Amino acid sequence: MSFFQSTTAELAPGSKSRRRAAGGRGTRSGPLAVVVLSILIAAFSLLPLGYVVVMTGNAGWATIQKLVFRPRVGELLFNTLALVLITVPICVVLGIAGAWLVERTRLRGNKAWAVLLAAPLAIPAFVNSYAWVSAIPSLGGVWGGVLVSTLSYFPLVYIPVAAVLSRMDPALEQSGASLGLGPWQVFFRVVLPQLRLAAAGGALLVSLHLLAEYGAFAMMQFDTFTTAIYDQFRSTFNGAAANMLASVLVLFCLLLLLGESKTRGNARYARLGGGAQANPKRLALGWYQVPGQLFLAALSVLALGVPLFHVVRWLIAGGAAIWTGSALVHALLQTLGYGLAGALMTTVLAFPLAYLVIRHPGPVTKVLEGVNYISSSMPGIVVALALVTITVHNVPAVYQTAVVLVAAYALLFMPRALVNLRAGLAQAPKELDEAAQALGKAPLVAFVKVTLRLSAPAAAGGAALVFLGIVNELTATLLLAPNGTTTLATEFWAFSSEIDYAGAAPYALLMILLSTPMTYLLFAQSKKAAGQ
Amino acid sequence: MTPTIRRAAKAPTAKPAFIPDPGHVTDHLLVSGARKSFGGTEVLKGVDLTVAQGRTTAIVGASGSGKTTLLRLIAGFEAADAGTISLAGVEVAGPAAWVPAHKRSVGYVAQDGALFPHLSVGQNIEFGLPVRGRAAAARVGELLEMVSMDPSYARRRPSQLSGGQQQRVALARALARRPQLMLLDEPFSALDAGLRVATRRTVSQTLSDAGVTTILVTHDQAEALSFADQVAVMRDGKLAQIGSPFVVYTRPSDRATAEFLGDAVILEAWMEGSLALCSLGGIPVRRPPVQGRVHLMLRPEQIRITEGGSIRGRVVDTDYFGPETTVRIQLAPIAVDPGKPVDPHQPVGGEVINIRHWNAMLARPGTELSLKVVGEGVVFPWSE
Amino acid sequence: MKTWFNKTVLSRTALSAIAGVSVLALAACGGSAAPAASNGASGSATDAIVVYNAQHQELTQAWVDAFTKETGIKVTLRNGDDSELSNQIVQEGAKSPADVFLTENSPAMTQVENAGLFTGISAKIQSQVPAAYRPSTNKWTGIAARSTVFAYNTTKLTQAQLPKSIMDLADPAWKGRWAASPSGADFQAIVSAMLELKGEAATSAWLKAMKADAKVYKGNSTAMKAVNAGEIDGAIIYHYYWFGDQAKTGENSKNVALEYFKNEDPGAFVSVSGGGVLASSKHQANAEKFLEFITGKAGQEILQTGTSFEYPVASEVAANAKLVPLKDLQAPKVDAAKLNSQKVTDLMTAAGLL
């Protein structure tokens with residue numbers, strides 16, 4: 001998912017160079033090879049959507065009526081809608097409130113709080129659910145879903161909003177104050193509109209995660225489209241009902257995208273005019289300090305404390321016995337292997353499009369970006385279902401191999417790599433490449449020595465984020481993993497669905513440990529990205 | 001912040017520090033009929049330009065006039081749609097030939113220097129050098145001295161340098177390969193005013209000492225006039241005029257060029273022979289292109305305040321700039337003999353013109369003055 | 001200056017580290033998934049087999065470990081659910097990498113058999129497994145069995161209050177008091193038996209009542225846990241979940257007792273777990289050996305002495321002493337070949353349970 005797609009799109013001034021077009025050879029839109037490659041990759045990324053559309057088309061109206069317009073789907077619709085409509089606003093409020101407290105007030109220990117508020121991302125949602133179900137066995141229904149989702153996903157709003165707040169130009173607020181607005185009015189009429197972009201992006205991310213989430217809800221007997229699709233898959237492999245549910249889910253996702261792009265609006269958010277930007281001033285809290293600290297403490301306890309406590313509790317209950325067995329090592333190695341292979345592959349695949357977007361913006365690039373935007377919203381289960389069906393019927397050679405699983409990961413996580421790569425490539429403007437060429441280096445040599453070199457740190461950051469995503473990925477892995485493959489997530493799932501919570505605990509711990517450095521990286525990256 | 005520039009110890013006429021490699025032919029640049037369009041808009045509409053060896057040319061024009069595009073064509077970063085470019089007699093771009101940028105032996109200094117942020121100053125300068133090690137280090141020191149910087153700067157990072165220093169390092173980097181031609185793309189526009197002048201002087205000195213053929217692109221006409229041997233004025237994709245700074249300034253080929261290169265006082269006038277009759281009297285014009293009603297152009301510094309002259313005016317207001325003041329004067333209406341019939345070909349007076357004067361006290365608003373004109377004027381055909 | 005230096009070195013080191021470790025880890029991946037390999041559909045090692053396993057992983061792993069120990073033949077498991085794997089095998093067709101298919105219930109076996117994808121079982125297996133536990137076509141064999149039970153909370157229900165038949169649960173009196181796991185193949189097998197015994201109309205009505213009245217859980221263990229906690233009065237599950245939990249800590253079953261419907265009620269359905277060899281298998285001999293092992297004395301004794309608590313069905317091995325003997329269960333006679341999983345899925349979808 002694109003963590004900073006919305007924030008940087010507007011904040012980075014697009015036309016530093018008035019210059020257009022490519023060098024001597026190549027089309028206006030960029031070097032031919034790169035354009036073709038990007039188109040191929042974009043077409044590949046449309047496979048899941050294409051699959052759903054084709055399946056729906058083939059099904060015929062009668063089947064669609066029978067399988068889509070039935071009470072069960074109504075239930076799922078209600079559940080899913082309720083989940084999204086309740087969780088997202090709460091996440092937005094929590095995210096903005098937390099970000100504001102941490103970035104713009106004189107909160108004690110705000111540096112520590114900043115990290116703590118981002119940390120819940122290191123805990124996969126299904127581990128969170130596992131902990132909460134251990135604590136409250138009867139947890140379930142919409143409210144159970146809302147609770148666990150909110151606690152797992154509010155950082156997705158917090159992080160971009162905090163990044164924007166930390167870099168927001170105080171001159172805007174000062175202008176507001178000088179026009180007679182009081183502090184609360186300044187917040188609502190000057191600060192909040194600036195956050196619209198980041199908050200909308202975060203809200204979209206949360207919604208898409210909610211739609212795609214399986215493990216967390218399956219563990220607490222809460223049915224959404226994704227859990228129902230997976231149930232259908234378990235019963236019919238890839239029967240018509242599963243595909244129909246998938247098409248409704250996809251429709252949802254596309255509507256969300258539409259909503260987000262409308263909310264984003266077209267206004268400028270960066271400072272107009274020259275002059276250096278001063279650092280934002282922090283508001284003194286006075287006696288609001290204590291409630292503020294309590295609020296953040298409560299949030300952290302719920303989002304971090306509860307899961308960690310229960311994981312540790314089950315670890316202790318399980319004792320040494322759960323740590324033996326080569327299964328753990330095997331799963332760990334496979335997770336690492338897939339994580340690294342997936343991260344590398346995804347970064348490589350994202351490169352052509354990132355290059356085109358930064359160096360050769362134009363109509364073709366816009367279309368490709370749009371395609372990427374749409375395909376990035378597909379839930380894991382739809383991607384997996386599509387790949388399974390397509391490979392089993394059309395490309396049996398790769399069916400059930402690591403190649404398909406890595407391909408699924410690439411499809412799911414390309415946006416993360418893309419966003420980072422774009423930011424990195426923006427750091428390596430065309431002028432540097434040209435300067436290198438004027439100094440006698442052939443174009444390819446200049447590209448490697450200058451552009452690649454300069455964008456490498458950002459690329460590595462993107463790869464790390466993809467790694468994070470892969471470690472925590474469950475649904476696609478369950479469907480696509482080759483025989484004998486186990487990952488930390490699938491093993492965790494196998495144990496916890498048998499209610500062997502103790503057996504699942506070591507896997508949960510390992511997943512959290514692997515995710516922590518990446519989460520920190522994400523947090524650090526977002527701060528830098530907003531400053532582009 | 002005053003830049004720390006080491007003053008060149010040698011006199012301007014000393015032996016050039018940069019001795020062209022004997023095997024290296026430093027001939028001239030020839031651009032012929034260059035055309036370039038971007039997405040349907042024609043940016044260059046047929047440009048012809050010649051630059052002699054060792055000379056500096058400034059291409060000056062407003063933003064969007066196409067000057068940067070022309071530079072990029074010469075550098076090889078873009079390909080022209082039509083026309084040819086030859087360097088030292090070798091055709092490098094044209095229907096039959098294409099030499100890519102990295103093979104053209106053209107040095108390029110971009111608007112913001114474009115120093116590689118991941119390399120040190122020394123590594124930046126060495127970037128294009130084929131040698132490494134001690135030979136390269138020696139050359140780096142030599143080049144830094146050439147741009148009046150201390151060789152110890154080689155170890156610093158570009159981010160630790162000021163804007164002016166970065167530009168000079170960019171110049172040193174480009175010079176390292178002893179290019180046939182140096183291209184400077186508005187290299188001083190990103191610098192603060194005080195830094196700009198000093199850096200400009202250093203760069204100009206370095207390039208003339210080195211004897212390198214140079215093309216500078218700028219939108220600042222003062223920069224173009226002071227820096228170059230030859231000024232090419234670009235407007236709307238074509239070169240409106242090419243000539244020495246003195247010529248293009250004092251004898252611009254058309255009104256737009258005249259107004260672009262400096263303040264111009266344009267008056268309605270009628271030609272009679274080689275005299276232009278206007279509200280400031282009869283002004284001699286060398287080789288007038290037309291007769292009859294014309295625009296007469298004078299530079300503000302040609303109009304002086306005098307005692308007891310026949311041309312009178314009244315100060316409307318002044319703008320004080322410190323060393324000089326711009327004085328806006330309304331010329332007195334020219335007396336019309338009531339008895340005679342009104343001659344439509346007579347100047348009527350009453351225009352408001354700008355002149356410059358060093359003494360603000362003399363020109364307070366409301367003051368009545370008399371004026372005289374020094375030197376020749378330039379006329380352009382009349383247009384509404 | 002220092003930051004840039006470190007960043008460049010770091011990124012270079014990071015990139016080479018990533019490359020290095022991923023090569024190593026993928027080698028480990030590839031090594032452990034050797035029979036599947038990364039680019040081939042069937043195993044490259046000559047004597048390894050691939051088993052599509054819908055049985056509980058622990059049980060099958062015990063079989064595999066013992067089998068490999070005895071014969072040296074390596075086994076790779078693909079774990080999944082009954083219908084997921086059966087549908088997958090049908091879709092894969094002749095290109096399927098599976099050599100053996102093991103299930104928890106028989107409808108999935110029937111589905112694959114009807115697609116013509118099994119090769120027949122060997123004579124040895126036929127001699128080891130009584131006719132009651134294998135289809136007359138002998139395309140596959142039973143390997144274990146489990147009994148449907150009504151697990152109830154002893155504090156909430158007395159003996160007198162228990163339902164006499166599974167069909168009673170459709171009664172509105174049971175509203176909100178019972179549960180099951182309809183998304184699982186286990187429950188779907190029970191429904192298929194009901195369909196076979198009581199017909200479509202009755203089954204459909206029962207399912208609709210279930211949708212209105214029963215609580216839905218994901219997984220039999222979860223359902224039993226909920227009964228234990230008193231969230232519901234009782235649940236339809238299979239017997240071995242209770243015995244398995246009792247053998248461990250018992251914390252999910254200490255308030256739970258099992259009712260066996262008996263009287264050849266659909267609720268007394270004994271589901272047979274199946275095993276078959278795929279006709280497309282490239283390792284027929286080894287696949288047969290595996291099935292022979294499972295249905296042989298050693299394999300069946302794992303059922304008797306192990307922790308799965310399912311019923312052995314072959315080689316005259318008796319069940320674990322703690323279990324109610326098979327013959328006392330009065331299970332209804334159901335022809336395994338007639339159990340129709342597709343119809344069940346359709347009915348359940350129509351009732352809104354799926």
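Visitor: Which domains does the domain assignment give for chain B?
Guide: This is a predicted model in which local features need pLDDT of at least 70, side-chain atom pairs count only at pLDDT 80 or more, and totals for chains, interfaces and linings use all residues. Residues are numbered from 1 along each chain as its sequence is written, and chains are lettered from A in the order in which they are written, with ligands numbered from 1 likewise. The bounds come from an automatic or database domain assignment. For chain B they are domain 1 (29-250) and domain 2 (263-381).

Visitor: How far apart do the C-alpha centres of these two domains of chain B lie?
Guide: The separation is taken between the C-alpha centres of domain 1 of chain B and domain 2 of chain B. It is 40 Å.

Visitor: Is B:Tyr249 buried, exposed or partly exposed?
Guide: B:Tyr249 is placed in helix α7 (residues 245-250) of chain B, helices being DSSP runs (H or I, at least four residues; strands E, at least two) numbered from the N terminus. B:Tyr249 has 18 C-beta neighbours inside 10 Å, so it counts as partly exposed.

Visitor: Which element gives the largest share of the side of chain A that touches chain C?
Guide: Contact requires C-beta atoms, placed from the backbone, within 7 Å; 42 residues of chain A are in contact with 47 residues of chain C. Among the elements of chain A giving two or more residues to this side are α4 (71-104), α15 (326-359) and α20 (443-471). The largest share, 8 residues, comes from α15(A).

Visitor: What is the radius of gyration of chain A?
Guide: Chain A has 23 helices and 0 strands. The radius of gyration is taken over C-alpha atoms, and the globule rule is 2.2 Å times the number of residues to the power 0.38. For 532 residues the rule gives 24 Å, so chain A is as compact as a globular protein of that length, its radius of gyration being 24 Å.

Definitions and conventions: Contact = placed C-beta atoms within 7 Å. Buried ≥ 20, exposed ≤ 12 C-beta atoms within 10 Å, placed from the backbone.
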